[in-house]
Amino acid sequence: MADREEDPENEDTYEVVDLTQYARRQQWWGCLFGGNNSGPMAEKYSVATQIALGGVSGWCAGYLFQKVGKIAATAVGGGFLLLQIANHSGYVQVDWKRVEKDVNKAKRHLKRKADRAVPELNSFIDQSTEFVKTNIIVTSGFFGGFLLGLAS
């Protein structure tokens, strides 16, 4: 092998092909979104692409949130209405002392859990804040799209 590299008369030459560049040129999303695949979002894509990606994903999330929210509100409201009708008709009787005891027990349990979860919550909030600061254009597009999705 050493002879092959040192011999200038040898016509066997090898070309190094970067497969990542080749694959990026062949994929439609590589042409559409361009750029490298490392670093923050702001360095990879143009501002228009970032806003479009954030807006479309935000609209989808807002639309789904709206539909799921309506279904959940209908289910909770309908269940509450049925329970009130059953209570008024005498089918259901509530032991309010037991309900109060269980609610107080649940409050104590939640307070203990909340005291332990504070460091994890602070870490999550810090990570989320850092993401928003790093990708402010995508985040603003997502927020706008989310509001449009809720409205549609």
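Hi everyone, let me start with the surface: the chain exposes about 12,900 Å², and carbon and sulfur atoms supply 63% of that. Accessible areas here come from the Shrake-Rupley method with a 1.4 Å probe, and for residues only the protein chains shown count as cover.

A word on the source: this is a predicted model, in which local features need pLDDT of at least 70 and side-chain atom pairs count only at pLDDT 80 or more, while totals for chains, interfaces and linings use all residues. Residues are numbered from 1 along each chain as its sequence is written, and side-chain values use heavy atoms, with hydrogens and water left out.

On to the fold. The secondary structure comes to 7 helices and 0 strands, where helices (H or I, at least four residues) and strands (E, at least two) are DSSP runs numbered from the N terminus. Of the 152 residues, 11% count as buried; buried means under 20% relative accessible area, exposed over 50%, and partly exposed in between, with a 1.4 Å probe and protein chains only. Among contacts (heavy atoms within 4.5 Å) between residues at least 6 apart in sequence, 62% join residues at least 24 apart.

Gly-55 gives us a local view of that. This glycine sits in helix H5 and, at a relative accessible area of 18%, is buried. Setting aside neighbours within four places in sequence, Gly-55 is in contact with Gly-141, Phe-142 and Gly-145. Val-138 is 83 residues from Gly-55 in sequence, yet their C-alpha atoms are 7.7 Å apart in space.

Now, which residues form the nonpolar patch on the surface? They are Trp-59, Tyr-63, Leu-64 and Leu-148, with about 410 Å² of accessible area together. Patches are made of residues with over 30% relative accessible area and no salt bridge; like charges are joined within 9 Å, and nonpolar side chains (Val, Leu, Ile, Met, Phe, Trp, Tyr) within 5 Å. A salt bridge, in turn, is a side-chain nitrogen of Lys or Arg within 4 Å of a carboxyl oxygen of Asp or Glu. Helix H5, residues 47-89, gives the most to this patch, with 3 residues. Trp-59 is found in that helix and is partly exposed, at 35%.

Finally, the charged side. Arg-98, Lys-101, Lys-105, Arg-108, Arg-112, Lys-113 and Arg-116 gather in a surface patch of positive charge. Lys and Arg count as positive and Asp and Glu as negative, with His and the chain ends not counted; the charge is placed at NZ of Lys, CZ of Arg, CG of Asp or CD of Glu. Lys-105 lies in helix H6, residues 96-134, and is exposed at 55% relative accessible area.
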